[in-house]
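Visitor: I'm new to this structure and would like a close look at one part of it. Could you walk me through the place where the two chains meet?

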Protein chains: 2
Amino acid sequence: MIADVEKRLEAAGIKPTAMRNLVLEYLLKQGSAISLAELERGLAPVDRVTVYRTLKTFEEHCLVHSINDGTGAAKYALCQEDSGEVRHHDLHVHFYCNSCKETFCLPKTLIPAVVLPQGFISEEVSLVMKGVCERCSA
Amino acid sequence: MIADVEKRLEAAGIKPTAMRNLVLEYLLKQGSAISLAELERGLAPVDRVTVYRTLKTFEEHCLVHSINDGTGAAKYALCQEDSGEVRHHDLHVHFYCNSCKETFCLPKTLIPAVVLPQGFISEEVSLVMKGVCERCSA
DNA sequence: TGATGTTTGCAATTCTGTTGCATGCGCTAC
DNA sequence: GTAGCGCATGCAACAGAATTGCAAACATCA
Ligand SMILES: [Mn+2]
Ligand SMILES: [Mn+2]
Ligand SMILES: [Zn+2]
Ligand SMILES: [Zn+2]
């Protein structure tokens, strides 16, 4: 429903527009993280730059987070709706399937603590695993 | 010494050439991982594509590993010389310093085990931390 | 020497990310 | 209501990274 989509945008402090509704709606339908290019294809005909800026806006407002899975193109996925915690996206593992080439958030799989050598101060962490996803391994 | 460099290439199963010696020699001098662009600048005037293919060759033979630190350009660093273990590079943490913008291998800092949800099969893992490096925090 | 395969250099292309600018649109102050 | 203002959008253009194609140079060996 558009109403839900607009509510979610407003909850994130983003003014709803046709394009933003469209992008958020599309993201909600996804089972995995998607790239700007995929989004562009899925919503065609839309302007790539507008989608790009929409994603940036979403990211700034912590509605989506971006994932760098090493494939060259950043992927985007919605942040957990509940998540009162700040930066939950910094804490969970991402999984790239070598078989279906999709990238998944594993929100239940938290990144373990890492003990860094003396002097190194951690501010962010990302952990990407690659292998075979549940669907492809079944 | 060129002799050492050539020995190391041969040990990795790579036929030494002028360009390969040059690239490996340069990599040996680095205290942090470097990008293709940096390598190109440091070795100028060399051809970017040749250096690119040289790195690919090194990577295939496990002489270097590449690191995706989220800066857009892949960084390359030598693999541990000893490392009888396969893929040691899959196991250690990489650190990107927000201050000096350098990317370091932390070969002593291993990536902790991650328990994946049922059905996910892990083949590779990469963990990149961002923050302030020892030099910049001192 | 001549044939063969590998390495190199250069041109060119693709892809991703990003910026600039002009237009459009909605909202508010008058 | 209308003028003005700021944000959103669309289009053109650019920057940088990665990658491919091709032909020339080079090494190797029968
Ligand atoms: Mn995620
Ligand atoms: Mn490393
Ligand atoms: Zn899969
Ligand atoms: Zn530093």
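Guide: Here is a tour of the interface, from its overall extent down to a pair of facing residues. Keep in mind that this is a predicted model.

Let's start with who touches whom: 33 residues of chain B are in contact with 33 residues of chain A. The size of an interface is often given as the accessible area lost when the parts come together. Here, chain A and chain B bury about 2,700 Å² between them, and 65% of that is on carbon and sulfur atoms. On chain B's side, Val114(B), Phe120(B) and Met129(B) supply 20% of the area buried against chain A, more than any other three residues.

What about polar links? There are 12 residue pairs in polar contact between chain B and chain A, counting pairs with both residues at pLDDT 80 or more. Salt bridges across this interface come to zero by the rule used.

Now for the parts of chain B that do the touching. The elements giving two or more residues to that side are strand 4 (92-97), strand 5 (103-110), strand 6 (121-132) and helix 5 (134-137) of chain B. Strand 6 of chain B provides the largest share, with 12 residues. Sorted by class, chain B's touching side has 19 nonpolar, 10 polar and four charged residues.

Strand 6 of chain B also has a partner across the way: strand 6 (residues 121-132) of chain A pairs with it in the antiparallel sense, over 11 bridges.

Methods. Residues numbered from 1 in each chain as written. Chains lettered and ligands numbered in written order. Predicted model: local features only at pLDDT ≥ 70, side-chain atom pairs only at ≥ 80, totals over all residues. Heavy atoms only, no water. Contact = heavy atoms within 4.5 Å. Buried area = accessible area lost by both parts, 1.4 Å probe. Salt bridge = Lys/Arg side-chain N within 4 Å of Asp/Glu carboxyl O. Polar contact = N/O pair within 3.5 Å; in protein donor to acceptor, adjacent residues only side chain to side chain. Helix = DSSP H or I, 4+ residues; strand = E, 2+ residues; numbered from the N terminus. Nonpolar A, V, L, I, M, F, W, Y, C, P; charged D, E, K, R; others polar. Pairing = 2+ DSSP bridges.
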